[in-house]
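Student: I'm new to this one. Can you show it to me and then walk me through it?

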Amino acid sequence: MQHDPAVIAGVCLVAEAAIARAIALSPGTAPQLAQLHPVELAIACTNPTIDVFLVINGDGEINVSSYRETEPTVCISGSSSAFLKVASASDPAAALINGNIKITGDTAVLMTLQNVLSDLNIDWEAPMVDLLGPIVGHQLANLIRGLTTASKVAHQSARRQLSEFILEEGRLSPPRAELDDFLGSVDDMVLRVDRAESRLKRLKNRVDLLSGASA
Amino acid sequence: MMSTHDKVTDDTTDFGFERVKTGEKAGRVREVFDSVAARYDVMNDLMSGGMHRLWKRFTIELSAVRPGQTVLDIAGGTGDLAAKFSKLVGADGHVVLADINSAMLSVGRDRLIDKGALSNISVVQADAQYLPFEDNSIDCITIAFGLRNVTDKNKALASMHRVLKPGGRLLVLEFSKPVSPLLSKIYDTYSFSALPVMGKIITDDSDSYRYLAESIRKHPDQDTLLNMVEDAGFVDCRYHNMTGGIVAVHRGIKG
C-alpha cells in the first residue's frame, strides 16, 4: 500500500518536534548527541512499508525524515508488530536483540545512542520557571516531581498487589514454579506417549511378520 | 519540443480562465501577488489547513541537499523554503531566493532577517523564464507553487535545465489533479466557493484568490507536467502525489 508522503511528513514533523522538546529539557543530552554526528539511523518497517530516518546533526539535534539517499550508519528493520513488542518490552534493548528485528550496520552506534537516550533526564523546572517565574515555577515543578514519584510508586505497588491477589488470594493463576512443573510433566508425558507409540508400532510389525511366516 | 499542453499561442496565454495577451500575464500575476503578499503565509495556512508546510517539508526531503551546495528557490516568495535550505547547506553553501515579484521578495527578505538566516542567502528578483545565472552553476532548483503563474512554462523549465549542474535536480511542487473523482468534486466546491470568501475576509481581495483557484485548474496534470519536464531535457523524472493528488511534486535530474 502506497502511503501519502504528506501524512508521513506530518508524523515525522510531530516526532521531530517531540524529540527536540525532550532534548531541550535535558541539558546534558544535546552535547552527547553532537558527538555522534553524522550518524544516520534508518528504521524500516516492512508491514506496513514505512521508512523513517533519524539524522543527528552537529548541534545535537535529531532530524526525522521519510526520505534519504545516503547510506545509513545503522538500519533496524522488522514488521510493525515486532517494533511494538520492542516498544512495550520491560527491557527494550534485550527485546531488540532477541526479537524478530534485523539490525545491519554499525551496531555500536546504536548501543551508544540507546545509552544517551536512556540517560535522558528531563528537567521540568526550567520551562516552569521561564513561564511562571522562580517562586511559583519552582513550587509547581516540586509538585510535579512529587506527583510523578508518587504515581511511579503507586503504579509499582498496584502491580505487585494485583499480582499477589491473582496468585495467592484468588488462586486465579498458578504460581510460576507450579506452572513450570506442570508444563514439565506435560512434556514428559508427551515423550512417554511417543515412546509407547513407537513400541506399539514395533510390536505390530513383529506380529505382521510372524502371521505372514505361519501362513 | 514545445508541449501542446502549455497553452502559449503566438500572442495569448491563460490567466486563470481568461485568455490574455502573452505580454500582459506577468503584469496581471504581479498585481495578484502584490495584493496578497503581506498575508500570503497566513492565507496559505488557512487555505490548506497547514498542509502546505508538510508538502514543502517532503519537497525538501526529496531535494537531498547536502552541506556546501548551491540551491535556487524560484518563486520563493516569503522565503520559508529558503530558510530551511539555508540550514541544510550550511556556512559553505549558498541559497538564492528568487521571485519575479518585488513585494513578495520584500516580505521574504524581512522574514529571513527576522530569523537571522541571511548569512548564506541571496535575494534576487528574477523571471523564471530568463534566469540570470551562469550555465551549470546550481546543484538544486525548487519551484513551489510558482510554475503555474509563469507565462511560458516550457521556457522556464529550459532555463532551469540550463543553470543546473549536470546531476543537479529540479523539484516542482505544484497543485495538480486529485486522483479520486469524489475528492475532485469536494476540492472544486471548496476552491470556487470557500477560497474567494476567505480571500475577501483575510486580504479584502476575492478576485486574487479566484485567480489562484482558476490557475490551478488550468495547470497541467501530473502526467502532462512529467512529459514537459522530460521534454526540457531532464532524466530520471518522476512525481509523488500528495493529499490525494491535490498537490504533486515532480523531480527531474539534469543528465
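Tutor: First a term: a residue is buried under 20% relative accessible area, exposed over 50%, and partly exposed in between, using a 1.4 Å probe and protein chains only. At 9% relative accessibility, A:S65 therefore counts as buried. As for the ground rules, this is a predicted model, where local features need pLDDT of at least 70, side-chain atom pairs count only at pLDDT 80 or more, and totals for chains, interfaces and linings use all residues. Residues are numbered from 1 along each chain as its sequence is written, chains are lettered from A and ligands numbered from 1 in the order in which they are written, and side-chain values use heavy atoms, with hydrogens and water left out.

Student: Where is A:S65 found?

Tutor: A:S65 is in strand β3 of chain A, residues 62-65. Helices (H or I, at least four residues) and strands (E, at least two) are DSSP runs, numbered from the N terminus.

Student: And what does A:S65 touch?

Tutor: Leaving out residues up to four places away in sequence, A:S65 touches A:C12, A:D51, A:V52, A:F53 and, from chain B, B:E61. Contact here means heavy atoms within 4.5 Å.

Student: How many residues of chain B are in contact with chain A?

Tutor: 16 residues of chain B, and they meet 14 residues of chain A. The two chains bury about 1,200 Å² between them, with 56% of it on carbon and sulfur atoms. Buried area is the accessible area (1.4 Å probe) that two parts lose on being put together, summed over both.

Student: Which residues of chain B lose the most area to chain A?

Tutor: B:L54, B:R57 and B:E61, which together account for 48% of what the chain B side buries.

Student: How many salt bridges are there across that interface?

Tutor: Four. A salt bridge is a side-chain nitrogen of Lys or Arg within 4 Å of a carboxyl oxygen of Asp or Glu. B:K87 forms a salt bridge with A:E61, and their closest N and O atoms are 3.3 Å apart.

Student: Which elements of chain B give two or more residues to the side that touches chain A?

Tutor: α3 (51-63) and β8 (234-242) of chain B. α3(B) gives the most, with seven residues. That side of chain B divides into seven nonpolar, four polar and five charged residues. Ala, Val, Leu, Ile, Met, Phe, Trp, Tyr, Cys and Pro count as nonpolar, Asp, Glu, Lys and Arg as charged, and the others, Gly among them, as polar.

Student: Back to salt bridges. How many does the structure hold over all chains?

Tutor: 17. One of them joins the side chains of A:R68 and A:E40, at 2.6 Å from N to O. A:R68 lies in the loop between β3 and β4 (74-78) of chain A and A:E40 in strand β1 (residues 40-46), so the pair ties together parts 28 residues apart in sequence.

Student: Is A:E40 buried or exposed?

Tutor: A:E40 is buried, with a relative accessible area of 9%. A:R68 is partly exposed, at 33%.

Student: What about pairs within chain B?

Tutor: The side chains of B:R148 and B:E174 meet in a salt bridge of 2.7 Å, N to O. B:R148 is in the loop between β6 (138-144) and α6 (153-163) of chain B, while B:E174 is in strand β7 (residues 164-175), 26 residues apart. Both B:R148 and B:E174 are buried. There is also a salt bridge between B:D188 and B:R217, with the closest N and O atoms 2.7 Å apart. B:D188 is in helix α7 (residues 181-203) and B:R217 in helix α8 (residues 206-218) of chain B, so this pair links parts 29 residues apart in sequence.

Student: Which residues are linked in a network of salt bridges?

Tutor: A:E69, B:R169, B:D236, B:R238 and B:R251.

Student: New topic. Which residues are buried in helix α9 of chain B?

Tutor: In α9 (residues 222-231), B:Q222, B:T224, B:L225, B:L226, B:M228 and B:V229 are buried. What covers them includes α6, β7, β8 and β9 (247-254) of chain B. After α9(B) comes B:G233, whose phi is positive, near 110°.

Student: Last one: how is chain A divided into domains?

Tutor: Domain 1 is 5-118, domain 2 is 124-173 and domain 3 is 185-215. These bounds come from an automatic or database domain assignment. The centres of domain 2 and domain 3 of chain A, taken over C-alpha atoms, are separated by 63 Å.
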